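Me: I would like to learn how to read charged pairs in a protein model. Could we start with one case and work outward?

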Amino acid sequence: MTRVQAIGSIHAMIGADGQIVSADAPILHLQQVAGGRDDGPLLVPQLAALARLALQLKILIARPVRAGGEGSDIRMWARARPHDDGVELTIHDWRETHVASQHYDSAQRAADIALAAEGWSWQTDQNMHFVRFENAAPGALRKGDEALPPGQAFTAIFNLDPDQSGGNAILASIAQRRSFFDEFASSVERQSRVFRLSGHPLFDVAGNFAGYRGKAALVENEVEGAPRATVTPSPESAESFLPDFGKRLDLALRQPLGRIIANADTISRQTEGPLRLDYATYATDIALAGRHLMELVDDLADLQAIDRPNFQVAREEIDLADIARRAAGLLGVRAADKHIQIEAPRADESLPAVGEFRRALQIMVNLVGNAVRYSPENAQVWLRVDVVGDMAALVVADQGYGIAPEDQERMFEKFERLGRDDSAGSGLGLYISRRLARAMGGDIRVDSAPGQGARFVLTLPHKPSSAA
């Protein structure tokens, strides 16, 4: 059980020595949770690191930040602007999720994954008897039944026989009151029918077990008389049984990779004490490799999602100029490492469009990231907004080596890297970005020539202002 609370803009001033000069109440509360004083050094790790980085690089840095409060999970968008006497922190989109249980993160994520699976919704009581089974096709579970009768036992509908090793993953999960994902069971009455089941446990306010809730999908329907056994998909056909592959990646890979990156960063920064230089360098390399793997995981999850026939994006009013500024802030550190200047739209510029904010920002981070990656040192990247007919256009122009005309369409294909032998990127970024842009009613095109840089143009439906 959670409660989400949104807060407006929040401000703080951090001195050059890292001490809090002034701060609004939410930041001071986080500081107290971290064990610090209101007038002491900033101890919220994510915000302190952002402030230090802005001071060191002498540039504005903006990025999403996640922090843990007292019984809450906090997500925010933080901007750190350096001054001669310190750093000004401005926080927008502060979203505080109050958590009823200390196990919220893992439990809620497991529940989300189970309910994201394809199929029919089902729920049982504490005795594992069905109390509802929604949207199942007539006769799918029992011969001649138009609907599943209430009160049927879980084991009266699904076979939970032991597998070859003598165990059964669903039974083991139910016994331990934990979630299960993409497990296979045949129908009791129609043994040739095999279902993929996902479920997560329910608990009442007193913490007592109250049943399970989940999804069921028919995955096999062969001739009558098929072997009565739990079905395990073969490796070559496994992909067809993973409609929630991206969410499974989140559970299986993204969390451990996140811990590896965080620990490696802590070691490389030597926050726990001095360390041999070569060890700190090793930790930096581990963190960089972890981030590369995280990008690959994100790309694979996005690829699986956007290639579905029913893939859809949200339609909301967004500001492409604001998205360009946010992308520039996110990539400011990477650009500074190569002495590249990103020239974003002015703070007073606005270009309303229709699309999904998260996906539009994802596209821009990819386009600007490519511009920075493939531009020489001491170059410049320009971000410009304009209206072309009934479309809003956001242009990313760089001073890189350019792209030959015959390669300009091929570069949008899956896993296409145009013969580059560097290890950066998966070859999926532009393919995913164009698919997302087209799903939002727009497109991405490129104008370039060898030796003349590249100019990528993202277009989305224009949303004229009400005053126009």
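Reply: This is a predicted model. Start with Asp443 and Arg434, whose side chains form a salt bridge with an N to O distance of 3.6 Å. Side chains of opposite charge can pair when their charged atoms come close.

Me: Which residues are linked with Arg434 and Asp443 in a network of salt bridges?

Reply: Glu409 and Arg438 join Arg434 and Asp443 in that network. The count of salt bridges in the model comes to eleven.

Me: How many residues apart are Asp322 and Arg326 in helix α8?

Reply: They are four residues apart, about one turn of the helix, which covers residues 320-330. Arg326 is buried at 15% relative accessible area, whereas Asp322 is partly exposed at 23%.

Me: What is the relative accessibility of Arg346 and Asp348?

Reply: Exposed means over 50% relative accessible area. Arg346 is at 53%, so Arg346 counts as exposed; Asp348, at 61%, is exposed too. The side chains of Arg346 and Asp348 form a salt bridge of 3.1 Å, N to O.

Me: Now a nonpolar feature. Which residues make the nonpolar surface patch of about 390 Å²?

Reply: Ile267, Leu275, Tyr279 and Tyr282 make that patch. Ile267 sits in helix α6, residues 245-269, and is partly exposed at 43% relative accessibility.

Key: Residues are numbered from 1 along each chain as its sequence is written. This is a predicted model: local features need pLDDT of at least 70, side-chain atom pairs count only at pLDDT 80 or more; totals for chains, interfaces and linings use all residues. Side-chain values use heavy atoms; hydrogens and water are left out. Patches are made of residues with over 30% relative accessible area and no salt bridge: like charges are joined within 9 Å, nonpolar side chains (Val, Leu, Ile, Met, Phe, Trp, Tyr) within 5 Å. Accessible areas come from the Shrake-Rupley method with a 1.4 Å probe; for residues, only the protein chains shown count as cover. A salt bridge is a side-chain nitrogen of Lys or Arg within 4 Å of a carboxyl oxygen of Asp or Glu. Helices (H or I, at least four residues) and strands (E, at least two) are DSSP runs, numbered from the N terminus. Buried means under 20% relative accessible area, exposed over 50%, partly exposed in between (1.4 Å probe, protein chains only).
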